[in-house]
Amino acid sequence: MYRYETHLHTVESSACGVTPGSEYPAIFKSRGYDGIFITDHFFHGNTRPSRELPWPEYVDAYTKGYEEAKKAGDAIGFKVFFGIEENFSGDEYLIYGVDKAFLLAHPDIPHWTREEMISWVHAAGGAVIQAHPFRDRPYIKMIHLHPEGIEGIEGINTANTANDNLAALCYALRHHLLIQAGSDTHDKAKIGEMNGGILCEQPITSSRDYAARLRSGEKPRIFYPEALFADMPGVQVHLPAEICRDNRWEPLPTEEIMNWIAAAGAQAGEAGNQPEGIVRQIITRLGA
Ligand SMILES: [Zn+2]
Ligand SMILES: [Zn+2]
């Protein structure tokens with residue numbers, strides 16, 4: 001099995017990034033990974049470059065973290081792939097399979113909607129994964145779930161709480177969504193045994209290759225630290241939520257989400273007595 005990190009930020013291109021892109025390849029290589037995706041915060045998220053820059057200059061600055069990582073990866077024979085993390089109203093999306101030329105060819109990106117993002121990325125052969133859909137942090141005022149049009153969701157983000165990950169997994173189970181895992185690392189000091197990622201039987205050859213696999217419904221296997229879910233009380237959802245159905249946003253009552261969670265627990269049967277057991281059952285059911 002080949003091991004990959006799907007979600008990483010650099011100091012060059014994410015405002016909240018701490019570690020230079022050039023430092024990641026050696027660290028991940030030494031930990032037995034076969035490649036990493038750099039997914040810096042893009043134009044509507046916590047991006048590092050000024051949004052005042054002319055578009056080509058913004059794109060140059062935005063791709064810097066990836067380019068530094070790629071150079072360092074090439075030097076030691078380690079795969080570094082390009083990805084993006086874009087934000088709308090606190091809901092964030094990981095994009096794979098596009099490149100700098102795609103960004104330069106779309107100067108209207110500063111005005112794109114979620115639907116335009118999905119259709120432009122698909123037209124370019126890319127894929128879209130909603131990141132950490134149930135994240136509960138001060139910068140997020142409402143949960144926005146967009147199951148339509150995307151390839152899947154981040155079922156486990158190891159920078160998230162166990163609570164928010166388990167809610168995401170129950171959402172994936174209810175909506176038959178493909179899942180991936182990632183660490184959302186911003187700082188090399190956080191790389192360790194508590195990280196998650198994906199495992200593939202065949203090596204990933206490019207970001208486009210990974211996107212094509214997601215588009216074809218190939219489910220990546222995921223890995224994550226089981227300890228993440230130890231000693232967890234029942235799942236809670238505090239933020240209000242909306243879901244996009246048939247292209248329209250509608251309120252999603254907390255009660256409905258709690259029903260998905262209860263159903264996942266009931267399906268897990270005996271294993272449902274412990275959160276780790278529910279998580280394992282959901283992941284098996286999702287084929288991940
Ligand atoms: Zn960040
Ligand atoms: Zn992120």
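Two strands count as paired when DSSP finds at least two bridges between them. I also noted that helices (H or I, at least four residues) and strands (E, at least two) are DSSP runs, numbered from the N terminus.

**Ground rules.** I'm looking at a predicted model, where local features need pLDDT of at least 70, side-chain atom pairs count only at pLDDT 80 or more, and totals for chains, interfaces and linings use all residues. Residues are numbered from 1 along each chain as its sequence is written, and chains are lettered from A and ligands numbered from 1 in the order in which they are written.

**Entry 1: strand E1.** I started with E1. Two bridges tie E1 to strand E2 (residues 35-41), and this pair runs parallel. Tyr4 has Gly35 as its bridge partner in E2. I then checked E9: three bridges link strand E1 (residues 2-5) to strand E9 (residues 197-200), and here the run is antiparallel. In E9, Tyr4 is partnered by Ile198.

**Entry 2: the whole chain.** I found nine helices and twelve strands in the chain. The radius of gyration (taken over C-alpha atoms) is 18 Å, close to the 19 Å that the globule rule gives for 288 residues, so the chain is as compact as a globular protein of that length. That rule is 2.2 Å times the number of residues to the power 0.38. I boxed the C-alpha atoms along the principal axes and got roughly 50 × 45 × 35 Å.

**Entry 3: inside.** I looked up burial next: 47% of the 288 residues are buried. Buried means that 20 or more other C-beta atoms, placed from the backbone, lie within 10 Å of the residue's own. A nonpolar core is a set of buried Ala, Val, Leu, Ile, Met, Phe, Trp, Tyr and Cys residues joined through C-beta atoms within 7 Å. The largest one has 73 residues, and Ile36, Val128, Leu166, Ala167 and Cys170 have the most contacts inside it. Helix H6 (residues 162-175) gives this core its largest share, nine residues.

Leaving aside neighbours within four places in sequence, Ala167 is in contact (C-beta atoms, placed from the backbone, within 7 Å) with Phe134, Val235, Val237, Ile257 and Ile261.

Entry 4: I traced an open sheet of three strands, ordered E6-E11-E12, with mixed pairing. Its edge strands, each pairing on one side only, are E6 (143-145) and E12 (248-251). Four bridges hold strand E11 (residues 241-245) to E12, running antiparallel. I saw Ile243 standing opposite Glu250 in E12.

Notes. Buried ≥ 20, exposed ≤ 12 C-beta atoms within 10 Å, placed from the backbone. Contact = placed C-beta atoms within 7 Å.
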